[in-house]
Structure formats: structure tokens, C-alpha cells
Amino acid sequence: AAGMVIVVFLSRLVAKNLFQRLTVLDNYIGKVQEGEFYDDFDVQGQDEVARIAGSFKSMTAQLNTMIQDIVATETAQKDAEMRALQAQINPHFLYNTLENLRMQCEMDEYYVISDKLYSLAKLMRYSIQKTGEPSTLGQELQALESYADLMSMRLSRPVVYKNKVEADVLYVKTPKMLLQPILENTFAHGQYAGLKKIVITVSGYRSGGYLIIKIADNGRGLTAEKREDIRRQLREERDTLTSGSIGLANVNKRLKTRYGEASGLKIYSNGKGTAVCFVIKRNDAEGVDESW
């Protein structure tokens, strides 16, 4: 019995260490995606996770150098970044290594870690591939579900993801990584004390000339003062680190820039949760329903 306790304890310790280091790697990949390159990134160890981290760090260093050289020759920056990503980043190496790690976890019966590695691989594939190209709402929702699954381990409680988006809007084109900042903000600042599980409900539908997407949680909601503070920041197009609305103004500005001033974010909150609504006005000049 004592031996079993030790085995279980060591297994959980190994799994926790593995997930923590994968989280560090995932955060760094996210920073690179946003164009932030830095050298103080390090994942300790001699296993495949450490080797992936070292390889990715080396590739991003080469990528940064290449981008600077191309920009210096007055090549369009977007095209330069795209070519640099295509030339330097080989996502299949990362995906295949993560798959090897996942299969090893399956064989060692670390099934929870295996599931999280699968979600991480899907999220990485979506965030890295086809940089700069539009996505569909369906693809955004798949990435959102993977992110929610990963966060369930970080938050140490189940995250129940409910997709109530109508089928006829799944192929509507949207900017890439439009929804995830909202869910990141929700998890970072949601009031979940005392809840056994977090429920995230995503709904989407057409209403007149608009596409409505709503992301709602089951937290305790915002105070009236906090809610009005966030709405004011959306109007003023500014984010602050202490406001509890990190990234919301940025997403709101992206919507208005792409779809016009009639589009944007709306915030609703009461004692039963908080909802962030995307209101996207269709551009009739584009001529088809799927290219809003």
C-alpha cells in the first residue's frame, strides 16, 4: 500500500512538472506569434520537452534575424514575416514530437496529460499555420475549445465548454485569433470562487444584417462600477493592466476597423455571470454571406 502511494505521488509529480514546462513553452510560442522575441526563455531538463524548447528558441532567433534583414531592404513587412515563418518554422517537427509525447503518456497511462497534449497540439497548429489568412468561425471555435480544455488543468477544476453556435454561421470568415483573447480575459479575471466547475457557453447566430457571437461564463459577474469602467474603455479604445479588461479594447478596435463603426463588443454582467458579445455588421459590398 505504501508503495502504491509513493508511485501515485511520483506520477502526479512527474505529470505536474511536464505540464508546467509545456505551459512555459506554450506561453513563449504565444509571445513569438505576437512578434515578441526575447532570450530569457528556458525550459530545464534533458528530455524531449527541453529539446523542443531549445530547437524552437533557435528557430525563432534565426527568424528574428531574417525578418530584420528583409525589412531593412524595404520589403513589405507582412510578406517578409510570412516568408520567414514558412522558411524557418517547421510545425511538423513540433506536432510530431508532441504526438510522440502524447503516445508515451498513453502507454504510461497518463491519460489526462495525453488529452492536454492533444489539445495543445491542435491549438499550436491553428495559431502557427496560415499566418495572416482569415479563418472561419468554425475554426475559431475549435481553437477556443482546445484552449478551454488546457485551462481546465491550470484552473484545477473542470471547464465545461458548450457550443451553441448555429450551423449556418460556422463558415463565416473571421479574423484569426479573434475569440481567444476574450476567453483568456474571462479566465484571468472571472469570479469563480466556490464553483465546482466553470461553464463557458458560446452562441452564435444571424440577426438581420449582423452576426452575433456571445461568450458567457457562470461566474459571479462584475460589479456595476467595473462593468461601466470596461464599457468606457471600449469607447475610448484603451486597455489597462489593472482594469480587468485586458485585450478587450484591442479586439473591439479590430472589429470596428474591419467591419465598420456599427460593429464592436458589448459587455453584459449580473450576479449569474458575464457575457461578451461580438456584434459584426455584414458588408453588403462583399456580396456573399460567408465573407462578413
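User: Which residues are linked with Arg-227 in a network of salt bridges?

Analyst: In this predicted model, a network of salt bridges includes Arg-227. One of the pairs concerned has its closest N and O atoms 2.9 Å apart, and that pair is Glu-228 with Arg-231. The residues linked with Arg-227 are therefore Glu-228 and Arg-231.

User: By about how much of a helix are Glu-228 and Arg-231 separated?

Analyst: Glu-228 is partly exposed at 35% relative accessible area, and Arg-231 is partly exposed at 26%. Both residues lie in helix 8, which spans residues 224-236, and they are three residues apart. The separation is about one helical turn.

User: How many residues apart in sequence are the parts that Asp-149 and Lys-116 tie together?

Analyst: Asp-149 forms a salt bridge with Lys-116, with 2.8 Å between the closest N and O atoms. Asp-149 belongs to helix 6, whereas Lys-116 belongs to helix 5 (residues 111-128), so the pair ties together parts whose distance in sequence, in residues, is 33.

User: Is Lys-116 buried or exposed?

Analyst: The partner of Lys-116 in the salt bridge is Asp-149, which has a relative accessible area of 24% and is partly exposed. For Lys-116 the relative accessible area is 10%. Because buried means under 20%, Lys-116 is buried.

User: Where does Asp-168, the salt-bridge partner of Arg-206, lie?

Analyst: Arg-206 and Asp-168 form a salt bridge in which the closest N and O atoms are 3.5 Å apart. Arg-206 lies in strand 4 (residues 198-207), and the pair ties together parts 38 residues apart in sequence. Asp-168 itself lies in the loop between strand 2 (159-165) and strand 3 (173-174).

User: Which class does the aromatic pair of Tyr-147 and Phe-187 fall into?

Analyst: The structure holds one aromatic pair. In that pair, Tyr-147 and Phe-187 lie 6.1 Å apart centre to centre, with 35 degrees between the planes. Planes under 30 degrees apart count as stacked and those over 60 as edge-to-face, so the pair of Tyr-147 and Phe-187 is tilted.

User: Which helix holds Phe-187?

Analyst: Tyr-147 and Phe-187 are both buried. Phe-187 is also among the residues that touch the most other members of the largest nonpolar core, which has 63 residues. Tyr-147 lies in helix 6 (residues 137-154), whereas Phe-187 (residues 180-189) lies in helix 7.

User: What percentage of the 292 residues in the protein chain do buried residues make up?

Analyst: The secondary structure of the chain comes to nine helices and seven strands. Of the 292 residues in the chain, the buried share is 41%.

Methods:
Residues are numbered from 1 along each chain as its sequence is written. This is a predicted model: local features need pLDDT of at least 70, side-chain atom pairs count only at pLDDT 80 or more; totals for chains, interfaces and linings use all residues. Side-chain values use heavy atoms; hydrogens and water are left out. Rings of Phe, Tyr and Trp (its six-membered ring) pair if their centres lie within 6.5 Å; planes under 30 degrees apart count as stacked, over 60 as edge-to-face and the rest as tilted. Helices (H or I, at least four residues) and strands (E, at least two) are DSSP runs, numbered from the N terminus. Buried means under 20% relative accessible area, exposed over 50%, partly exposed in between (1.4 Å probe, protein chains only). A nonpolar core is a set of buried Ala, Val, Leu, Ile, Met, Phe, Trp, Tyr and Cys residues joined through side-chain atoms within 4.5 Å. A salt bridge is a side-chain nitrogen of Lys or Arg within 4 Å of a carboxyl oxygen of Asp or Glu.
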